[in-house]
Amino acid sequence: MAVASFRREWGADALGIFFIVALGAFCALWGAAHASDRAFAVQMWTALAGFLAGGAGLVYCLGRAPGGAPATKYENGVVKAGVFASMFWGVAGFLVGVVIALQLAFPNIFYFPDFGWTNFGRLRPLHTSAVIFAFGGNVLIATSFYVVQRTCRARLAGGLWPWFVFWGYNFFIVLAGTGYLLGVTEGREYAEPPWYADLWLTLVWVVYLLVFLGAIWKRQEKHIYVANWFYLAFIVTVAVLHIINNIAIPVSLAGWFSYSLFSGVQDALTQWWYGHNAVGFFLTAGFLGIMYYFIPKRADRPVYSYRLSIIHFWALIFLYIWAGPHHLHYTALPQWAQTLGATFSVMLWMPSWGGMINGLMTLSGAWDKLRTDPVLRMLVVSVAFYGMSTFEGPVMAIRAVNSLSHYTDWTIGHVHSGALGWVGFVSFGALYCLVPWLWKKKQLYSNALVEWHFWLSTIGIVLYITSMWVAGVMQGLMWRAYNAFGFLEYSFVESVEAMHPYYIIRALGGALFFIGALIMAYNLWRTAAGGAPAHEREGDVPAIAVAAE
């Protein structure tokens, strides 16, 4: 009976996914046949190959379906795939980051005029998308699927649909990334994929929301744990941000270029409402879900204050959404809107630090574990970076400070203190936890390698952000310096020349961070592929045993 139900479920899922894949393949083939430019044609052939591969994968999956009921209570396969994808995109994104840092430091060596796709203008959006959306996005999808199952004591809803989310999201990453190398971009910060990639991501994201809600709906645990609140806020808000900011009118269905529905200052405000809240809900809310699950789990301690975590949640989601205008100080945006953005940015300091304190104080009674557990140390240091970034951000949103910091490398340092220190470290910590749990190993292959990773990456982060702080303040002061005759004291080229030593330090810091990621990838691979005896964790028992209970 269970086997028949399982087959029926997969059959219905397969039919829906097959329809989507077939329609996508038809549209891609039509686009390739009618393409108005070479870049769009390449994109459509890439899309067609992706849809055909998806169809082949669906057939292969159905061929293996008659095995019967799931072997475990939870769907771990898609989470494992997310771990692999996270590390792959992480290493790729960090490598591109090192390359473009070297291009800025040594343009005479790392500039290749015969290969346009290697230029900074094309590699930079590839780097940001690979690190934020490919690495970060896969970490969020994998951890959210893992956490919602454990905290709800229910298997993921949707049968094959979680796999559609995983492969569909990574297909979007490939389509967007290859487009950047071809020069296909909307030119909007953090929102550069073309209109057809945006449409595909919208479909995938809606399915992601339904799968996550389905797991919560069928939960066996009455209480909804706070990590799921943060994950759900991240999924819902990113959907709203993505749809509204990317409403565009294509010039032609046979070309990649499109015009935003908004224009002028309204377009700028919409973009930075999206841009800052992509940070707030993609790079903050989702990763706070990771913090609230993995730090208590790793420390073997309850959350310090569950009441504070709920206050943290509601204050954060109500305040963050208003902070975007602080990116538009001293522009044509009305003064009241600029002031509103700055005010809410400063107010964000309180809930952000409330969450930081909650995360750190969860270690009460377990601080000694930091000496012996480098994974827990990495998770805790990530929370410290979260606190530092969420203090620096509100300060930089103040108009007087922003007049010095805006358009300088200070902003780059601020972004990377959050991206590398907070997002990077909390992601690394979660992946270090997940691999032994998912592959049923008692521990990681090597704690010593985790130590090497921790210290190399920490030194790399410190070199990166301190060099950019000094460079940014120097830039701001040089740009506003006047001589006795009222003329600018320094030309722009002179300010660029003064940045050279700091750009070298930044490249060195990024290289150390990249080396740490390579060490991590090797450690995780040896853990998963190692011959250590299986170690069954409580809660991951076979479904047959669960039914017997």
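## Exposure of Asp114

A residue counts as exposed when its relative accessible area is over 50%, as buried when that area is under 20%, and as partly exposed in between. In this predicted model, Asp114 has a relative accessible area of 71% and is therefore exposed. Asp114 belongs to the loop that joins α4 (107-110) to α5 (120-152). Between the C-alpha atoms of Asp114 and Leu140 there are 38 Å, for a separation of 26 residues along the chain.

## Overall architecture

The protein has 19 helices and two strands. Its C-alpha atoms occupy a box of roughly 90 × 65 × 45 Å along the principal axes. The radius of gyration is 24 Å, which agrees with the value near 24 Å for a compact globule of 549 residues.

Of the 549 residues, 54% are buried. Among contacts with a separation of 6 or more, 83% are between residues 24 or more positions apart.

## Helices α15 and α18

Helix α15 covers residues 409-438 and helix α18 covers residues 500-529; the two pack at an angle of about 10°, and their axes are 11 Å apart. Because angles under 35 degrees count as roughly parallel, α15 is roughly parallel to α18.

On the α15 side, the contact is made by Asp409, Ile412, Leu420, Phe425, Phe428, Leu431, Tyr432, Val435 and Pro436. The α18 side contributes Tyr503, Arg506, Phe513, Met520, Asn523, Leu524, Thr527 and Ala528. Sorted by class, this contact holds 13 nonpolar, two polar and two charged residues.

## Helices α10 and α11

Helix α10 (residues 306-320) and helix α11 (residues 335-361) cross at roughly 155°, and their axes come within 9 Å. An angle over 145 degrees counts as roughly antiparallel, and α10 and α11 are therefore roughly antiparallel to each other. Their crossing is left-handed.

From α10, the residues in the contact are Leu308, Ser309, His312, Ala315, Leu316, Leu319 and Tyr320. They meet Phe344, Met347, Leu348, Pro351, Ser352, Gly354, Gly355 and Asn358 of α11. This contact of α10 with α11 comprises nine nonpolar and six polar residues, with no charged ones.

## Tyrosines with positive phi

Tyr330 is not a glycine, yet it has a positive phi of about 60°. Tyr330 sits in the loop between α10 and α11. With a relative accessible area of 48%, Tyr330 is partly exposed.

Tyr407, also not a glycine, has a positive phi of about 70°. The loop that holds Tyr407 runs between α14 (399-405) and α15. Tyr407 has a relative accessible area of 64% and is exposed.

## Ser260 in strand β2

Strand β2 spans residues 258-260 and includes Ser260. Ser260 is partly exposed, at 25% relative accessibility.

Apart from neighbours within four places in sequence, Ser260 is in contact with Arg188, Ile247, Ala248 and Asp267. The C-alpha atom of Ser260 is separated by 6.3 Å from that of Ile249, eleven residues apart along the chain.

Terms used
Residues are numbered from 1 along each chain as its sequence is written. This is a predicted model: local features need pLDDT of at least 70, side-chain atom pairs count only at pLDDT 80 or more; totals for chains, interfaces and linings use all residues. Side-chain values use heavy atoms; hydrogens and water are left out. Axes are lines fitted to C-alpha atoms, for helices over the stretch in contact, and angles run from 0 to 180 degrees between N-to-C directions. Helices (H or I, at least four residues) and strands (E, at least two) are DSSP runs, numbered from the N terminus. Angles under 35 degrees count as roughly parallel, over 145 as roughly antiparallel, 65 to 115 as roughly perpendicular and the rest as oblique. Contact means heavy atoms within 4.5 Å. Ala, Val, Leu, Ile, Met, Phe, Trp, Tyr, Cys and Pro count as nonpolar, Asp, Glu, Lys and Arg as charged, and the others, Gly among them, as polar. A crossing is left-handed if the near helix is turned anticlockwise from the far one by less than a right angle, and right-handed if clockwise. The radius of gyration is taken over C-alpha atoms; the globule rule is 2.2 Å times the number of residues to the power 0.38. Buried means under 20% relative accessible area, exposed over 50%, partly exposed in between (1.4 Å probe, protein chains only).
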